[in-house]
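Subject: Structure handover

Hello,

Please find the structure below, followed by notes on what was found in it.

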Amino acid sequence: MNRTRLAGFAALAALGPLSIAQAQSHSHAGMSMQDHAAMQAAPAANGVTTTPADNAMLAASPTTFSVTFPHAMTLTSLRLTGPAGPSVDVAVSADAQPAATVSAPLPVLAPGSWSVAWAAKGADGHQMNGVVRFMVH
């Protein structure tokens with residue numbers, strides 16, 4: 001083996017303990033799936049928080065989907081896409097009053113990967129939308 005390759009391997013070996021230390025100091029290291037699912041998601045850059053949170057791993061089907069906004073909004077659409085079959089539009093209340101937290105009931109979801117595409121509108125006409133992905137075990 002030439003000296004350049006040997007030096008490269010030595011550098012990689014030296015980084016190994018650093019990577020392990022970083023993984024152990026990560027706030028999610030050693031957490032169970034239930035602990036991870038119960039964590040309150042940090043607000044996104046736009047100040048929006050959802051339940052379930054994006055990338056949540058859930059032990060059971062969620063009964064509702066909720067969105068918390070930095071100001072009052074009305075949920076205008078909600079579409080579920082799951083592991084099998086076509087997307088399903090979830091009914092949202094057309095006459096709901098704007099609120100900082102809005103929610104809609106969800107049907108029972110089979111185990112698998114799901115996404116929820118949502119849209120909302122403020123009293124001033126401002127519109128927001130997003131997609132949340134999560135897994136039901």
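Strands S3 and S4 form a hairpin with 6 residues between them, and Gly85 in the turn has a positive phi of about 85°. Strands here are DSSP runs of E with at least two residues, numbered from the N terminus. S3 covers residues 64-81 and S4 covers residues 88-89. The two run antiparallel and are joined by 2 bridges; two strands count as paired if DSSP finds at least two bridges between them. Across this pairing, Arg79 stands opposite Asp89 in S4.

Before going on, some notes on the source. This is a predicted model, in which local features need pLDDT of at least 70 and side-chain atom pairs count only at pLDDT 80 or more, while totals for chains, interfaces and linings use all residues. Residues are numbered from 1 along each chain as its sequence is written, and side-chain values use heavy atoms, with hydrogens and water left out.

S3 has other partners. Strand S1 (residues 49-51) pairs with S3 in the antiparallel sense over 3 bridges. Strand S5 (residues 99-105) is also antiparallel to S3, with 6 bridges. Strand S6 (residues 112-122) is joined to S3 by 8 bridges, and these two run antiparallel as well. In S6, Ser115 is the bridge partner of Thr81.

Which residues are the bridge partners of Ser66 in S3? Thr51 is one of them, and in S5 the partner is Ser103. Is Ser66 buried or exposed? Ser66 is buried, because its relative accessible area is 15% (buried means under 20%, exposed over 50%, partly exposed in between, with a 1.4 Å probe and protein chains only). Leaving aside neighbours within four places in sequence, Ser66 is in contact (heavy atoms within 4.5 Å) with Thr49, Thr50, Thr51, Thr101, Val102 and Ser103.

The last item is the largest nonpolar core, which has 23 residues. A nonpolar core is a set of buried Ala, Val, Leu, Ile, Met, Phe, Trp, Tyr and Cys residues joined through side-chain atoms within 4.5 Å. Phe65, Phe69, Leu78, Trp118 and Phe134 touch the most other members. Strand S2 (56-58), S3, S5, S6 and strand S7 (127-136) each supply at least two residues of this core. The largest share, 7 residues, comes from S3. Leaving aside neighbours within four places in sequence, the contacts of Phe134 include Pro52, Leu58, Leu109, Trp114 and Val116.

Regards

Methods. Helices (H or I, at least four residues) and strands (E, at least two) are DSSP runs, numbered from the N terminus.
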